[in-house]
Amino acid sequence: MYVKNNPAAKRDPAGESDGQVVDPNCPDLCARYIKDGCDTVEGGGGDLCWGGTMCPCIFPTIFPSRPYFGRFQLKDYIPGACKYIDLCGLIHETNHMKDQQPCQKIGVYRARWKEGVNDVQLECIEVRLQIECLRSYIAAPGVSGDCRRQMLYLIDLEIESAKLRHCYP
Ligand SMILES: [Zn+2]
């Protein structure tokens with residue numbers, strides 16, 4: 001599983017999600033979904049339903065229309081390029097799992113929110129946690145310059161989008 005490859009990471013997505021267990025096949029299922037040409041959107045993650053199994057996934061993030069953001073030149077993000085971006089994103093998506101409808105046993109699709117959940121508020125909570133998570137790893141040993149730059153602009157991007165939704169600070 002993803003986190004087992006990161007002994008330095010103290011945040012285990014499964015461990016921070018009310019006992020939410022992530023299926024060990026999820027990294028493979030997410031990778032297959034991406035390979036099959038999943039929709040790539042700014043935002044970079046989601047919960048996937050695959051034949052009844054729910055998986056938190058990080059998706060490629062493509063910036064077709066805005067190559068620059070603040071101080072940074074945005075680069076497309078491919079999962080696996082920066083382990084802390086993946087880790088903090090996976091915590092975000094894993095925390096959402098309990099608020100999604102159970103996956104149907106057939107098909108591959110994005111999980112849907114349970115009836116009546118306040119998804120705007122849930123998004124606010126998770127985005128703030130994700131920003132904190134990224135900040136906590138900015139100075140982690142072994143983070144490359146490229147990885148750090150991508151973390152910094154992702155933090156800025158998340159803050160901007162949280163402000164637009166009136167949930168930051
Ligand atoms: Zn979210």
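Two strands are said to pair if DSSP finds at least two bridges between them. In this predicted model, strand 1 and strand 5 (residues 108-110) meet that condition, since they pair in the antiparallel sense over three bridges, and within strand 5 the bridge partner of Trp-50 is Val-108.

The setting for this pairing is a protein chain that holds four helices and five strands, arranged along the sequence in the pattern α-β-β-β-β-α-β-α-α. Of the 169 residues in the protein chain, 30% are buried.

A residue counts here as buried if 20 or more other C-beta atoms lie within 10 Å of its own.

Strand 1 is also joined to strand 2 (residues 53-58), again in antiparallel fashion, and this pairing comprises six bridges. Strand 1 and strand 2 form a hairpin with two residues between them, and in the turn Gly-51 has a positive phi of about 55°. Further along this pairing, Asp-47 of the protein chain stands opposite Pro-56 in strand 2.

| Partner of strand 1 | Sense | Bridges |
|---|---|---|
| Strand 2 (residues 53-58) | antiparallel | six bridges |
| Strand 5 (residues 108-110) | antiparallel | three bridges |

Technical notes
Residues are numbered from 1 along each chain as its sequence is written. This is a predicted model: local features need pLDDT of at least 70, side-chain atom pairs count only at pLDDT 80 or more; totals for chains, interfaces and linings use all residues. A residue is buried if 20 or more other C-beta atoms lie within 10 Å of its own, exposed if 12 or fewer, and partly exposed in between; C-beta atoms are placed from the backbone.
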